[in-house]
Amino acid sequence: MYTFSNKLKTFSFILIILGVLGVGYGFMTSHKSFEEVETLLAEELHHEGGHSEVAVNEETTHNEHGQVDEHKKHIEHVQHQIANRPWSALYVAAFFFMMIALGILAFYAIQFAAQAGWSPVLFRVMEGITAYLLPGALIVLAIAVASGTIGHYNLFTWMDPEVVAHDKLIQGKSGFLNIGWFAVRGIIFIAGWSVYRHFARKFSIAQDTAEDNSNFKKTFRISAAFLVFFIYTESMMSWDWIMSVDPHWFSTLFGWYVFASMFVSGITVLALITIYLKSRNYLEFVNENHLHDVAKFMFAFSIFWTYLWFSQFMLIWYSNIPEEVTYFITRFNDYKLPFLGMVVMNFVFPILMLMNADYKRIPWFVVMAGLVILVGHYIDIFNMIMPATVGDRWFIGIPEISSILLFAGLFIFVVFTALTKAPLLAKGNPLIKESKDFHY
Amino acid sequence: MEASKVIHAIYTDDDVLMSAVKKVKAERYHIEEIYTPFPVHGLDKAMGLAPTRIAITSFMYGLVGLTVAIVMMNFIMIKDWPQNIGGKPSFSYLQNMPAFVPIMFELTVFFAAHLMVITFYLRSRMWPFKKAENPDPRTTDDHFLMEIAVDGNEVELENLLKETGAVEINLVDKAH
């Protein structure tokens, strides 16, 4: 049995408290009045030099009245972007940790459906990670809905009735994109995932003391069914929770792209937690061969993520259709460093670090590569949400970092609490002997 | 100096072969070669063979392929005749790079795969019309053969091999 060390528990509480303070600070400083934004913009203009001021003056003489309207509109736009920032920061971090749990749930189901012989020793670690799914996903959905009810439409513009009234394109999609249906869909997704998680966990624990393999067979069946449900709901979840922040844009392989991101970050977290537990001597049946296999998954799915990222980017770049390409133009113009930096972190770094078979067996090496991959995939989600909500007013500052701390603390607390609830070896699993003796 | 006389010990089971290899190694005899009809897992480790470096060569060939692709397309599409083809920016390599990535990828794989295979053929001396070096045709079907050099110690070696479960032991004079 695993006991949650007091040190780690305190650490997770500190993260949560620091996170809450930072998030609160972010919300308090994001409500700028019209005048404040006006002076802020004037100052920025001043710093950039007189170049754009000349243009403004020229236009003013042309059309005094129209210019005033434009000016007011611009300020309101920036004001809204500044107000969006703590919401988006919170949402990105919440989604990032939720998707780790969801990715591992899919990985777990695949291990059962494929009857993998190497992984049963890691099942309890996976079950621990998936414990975060239910609270994590509910938080994501709650933030999304709250942004459109108690907030001022800080994440999804299609939730704003005034925007919809003037937007033919969103009106055409409002049969799908409306808050009620959005919430119902979200609850259906979460319910489906959690029901699978609940029963898989239940059967897994029941199998420990069972005399036959009936629990294992049941998990096999529900895993196969879950994977079908998952691939539909994961796709729709990615349209709802991520793609709809840009309601004018759509991409057909988006669901797969988000899936690749969640899968690789999930497996990376699995590797990190396994290495942590192993270093604390809780997993004497896990050896370097298991680590090697997990690292191979990290390597392969980093490449898979890159493949989908590039396929999406290249197809849109190549055909250059205005209605599609704006998505990448905003990202390229305003997010050059995170946009290209994540390709380095999610592709170039892992492919060079994890290609060598010997390196995949060295824990600290996998930890280093894993941390870079995780940061890279946080930036991936950041790049999906932020350009649509805060535009060029982005920064990785107090609101973003404290949101990460908040959910990291929550994640650690939930996951390691769940790990204490059952023995770390699923000893009734019919494949456990093969897994313990696994040798690559 | 290579011994002119060798012993061919023949086995019919790969597990027996494995334990025989370990025993012969423990007695510090030099195993010249082992012929098996299929890969026996762990045999290279038991024999103490050095690990292969073919993956490293493959990585380097891949880099060569990537370089070839980049240099080729940079010359053709950017340097030599930078046309405007459907509005694609051909002012610099980076600007038009996404369009080149499929070729960069394929040439990397092509070079890595083919040159590695050719390296394998060269290193293991395999080519068409090559004379087969098979001491006993049964080793391609269901027998395993261990070849050990002898140097005046035939009797004790034969006894050892018999103990390890060899079904047949032949003393072969290679000089003939």
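Me: Which residues form a nonpolar patch on the surface?
Reply: This is a predicted model. In it, the patch is made of A:Val344, A:Val348, A:Leu352 and A:Met355, along with B:Ile56, B:Phe59, B:Met60 and B:Leu63.

Me: How much accessible area do they have together?
Reply: About 690 Å².

Me: Which elements give two or more residues to it?
Reply: Those are α14 (336-353) of chain A and α3 (54-80) of chain B.

Me: And where does the largest share come from?
Reply: From α3(B), which supplies 4 residues.

Me: Where is B:Ile56, then?
Reply: B:Ile56 is in chain B, in helix α3.

Me: Changing topic to chain A. How many helices and strands are there?
Reply: Chain A has 17 helices and 0 strands.

Me: What radius of gyration does chain A have, and what would a compact globule have?
Reply: Chain A has 24 Å. A compact globule with 440 residues would have a value near 22 Å, so the two agree.

Me: What does the C-alpha trace span along its principal axes?
Reply: For chain A, about 85 × 45 × 45 Å.

Me: How many of its residues count as buried, in percent?
Reply: 53% of the 440 residues in chain A.

Me: Last one, on contacts between residues at least 6 apart in sequence: what percentage join residues at least 24 apart?
Reply: In chain A, 84% of those contacts do.

Key: Residues are numbered from 1 along each chain as its sequence is written. Chains are lettered from A and ligands numbered from 1 in the order in which they are written. This is a predicted model: local features need pLDDT of at least 70, side-chain atom pairs count only at pLDDT 80 or more; totals for chains, interfaces and linings use all residues. Side-chain values use heavy atoms; hydrogens and water are left out. Patches are made of residues with over 30% relative accessible area and no salt bridge: like charges are joined within 9 Å, nonpolar side chains (Val, Leu, Ile, Met, Phe, Trp, Tyr) within 5 Å. Accessible areas come from the Shrake-Rupley method with a 1.4 Å probe; for residues, only the protein chains shown count as cover. A salt bridge is a side-chain nitrogen of Lys or Arg within 4 Å of a carboxyl oxygen of Asp or Glu. The radius of gyration is taken over C-alpha atoms; the globule rule is 2.2 Å times the number of residues to the power 0.38. Buried means under 20% relative accessible area, exposed over 50%, partly exposed in between (1.4 Å probe, protein chains only). Contact means heavy atoms within 4.5 Å.
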